[in-house]
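Let's take a walk through a protein model together. Keep the sequence and the 3D view at hand as you read.

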Amino acid sequence: MRKKLSAVMAIVVLGLIWMAVGQAQTGERFGLGTFTYQNRTFVGVVMRYPVEPQQIGGVVVELQPAAKAANVTGIPNDVLSIMDQWSTVGPRIKQIVAQVGPMLDARRPAYVYDYKAVDARAPFLPRVAFYGFSNYRPVPGTPPPATAPKMQPSMPGIWERAANDPRPMNPRLFLIPTTPEVFIGDGDPIVNWHPDQRKQYEYECELLGVVGRPMRRVPVDQVKNYMFGYANTNDVSDRQARRPDDVPQDWLVQKGWDSMKPIGPFVVPQEFVDPLNMPLKMTVAGTLVQDSNTNQTWHSMYEYAAYLSNMLTLPVGTVIGLGTPPGSHGGLGRSLQPGDIQVCSYQGLGTLTNTLIAEPAPRTTTSSR
């Protein structure tokens, strides 16, 4: 009996040691973003925020004064540069997080602000942006199509399918213009351009992967080591597209307008995220329209990134949208209308909130003659 108890105790102790080692390696969860407070814009570390979708809270640590207080140097002033230098800067930021953490339950330093008191900007401007489509399985219980979908063949040199791969499609992605007018932040308005003529705007809550190391022909099972982190994104679409032009598809017209790609509110490093199993929720005008999980995708974030890396080198700061689950494409029962508040959030990534507004009427000018 004693031997059995000793064996059990040994297993328990080993388990506790393993948990302690894992915690020491991972540390406290945090996110990185760009924020404005009292007319100052800065890089901040988000801590103690709720992980459940649709919840808002926590604190923002202004990075530069926190680094100074911790006697840490060499921290860049923008998120993209931090990602470029993550191998050396990452441990320094984790050192700051470890030092600030114990202060949050007592007297907070002056460089720590309530999350709700700051304005979140777009965390960074992507260098390259790809968004996926048709990537989620139907809602469980959905009747199968009348005719079975045709299995797609491999794409030589780009995407090789296993002989027993039953998925009806290969990865599908498209490019988005990377301008600061297209990629907006939390709280920024989504503009319905030409609202008197274009009335078919639609939401799509997606997981956004951010590449942290240059990728070229990276196998699926190694992609995790190349990702910097993850954020929320709303892939807003103009479903009117080119109509009545008879060209059937044009991703630029559907998805490339100014303000159509909110991202954020911050980026969470990959060590705190499981992109293969993340619950998500989206509400529009107070209605729950999407309630799913990334484990329902046809292709995972890792597969998307590997697929892309077979065609081109993905630089640091490349973003990859995973596609959207059921609930878009009519889930609201109508198109978006000016005034609709859209709230997109994946577990552990904060909450991204944007409101659709109508394009302001153009100013009229008076001739001097």
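This is a predicted model: local features need pLDDT of at least 70, side-chain atom pairs count only at pLDDT 80 or more; totals for chains, interfaces and linings use all residues.

Residues are numbered from 1 along each chain as its sequence is written, and side-chain values use heavy atoms, with hydrogens and water left out.

Let's begin with the cysteines. A disulfide is a covalent bond between the sulfur atoms of two cysteines; here the term is used for a pair of cysteine sulfur atoms within 2.5 Å. The count by this rule is 1 disulfide. Cys 205 and Cys 344 form the disulfide, with their sulfur atoms 2.1 Å apart. The pair links distant parts of the chain, as Cys 205 and Cys 344 are 139 residues apart. The torsion about the S-S bond of Cys 205 and Cys 344 is about 75°, so the disulfide is right-handed. Both Cys 205 and Cys 344 are buried (under 20% relative accessible area, with a 1.4 Å probe and protein chains only).

Picture a 1 Å grid over the protein atoms alone: a cavity is a set of points where a 1.4 Å probe fits but cannot get out, and lining residues have an atom within 4 Å of a point. Residues that line the largest cavity include Tyr 49, Pro 50, Phe 266 and Thr 351.

Definitions and conventions. Helices (H or I, at least four residues) and strands (E, at least two) are DSSP runs, numbered from the N terminus. Buried means under 20% relative accessible area, exposed over 50%, partly exposed in between (1.4 Å probe, protein chains only). On a 1 Å grid over the protein atoms alone, a cavity is a set of points where a 1.4 Å probe fits but cannot get out, and a pocket is an open set with protein on both sides within 12 Å along at least five of seven lines; lining residues have an atom within 4 Å of a point.
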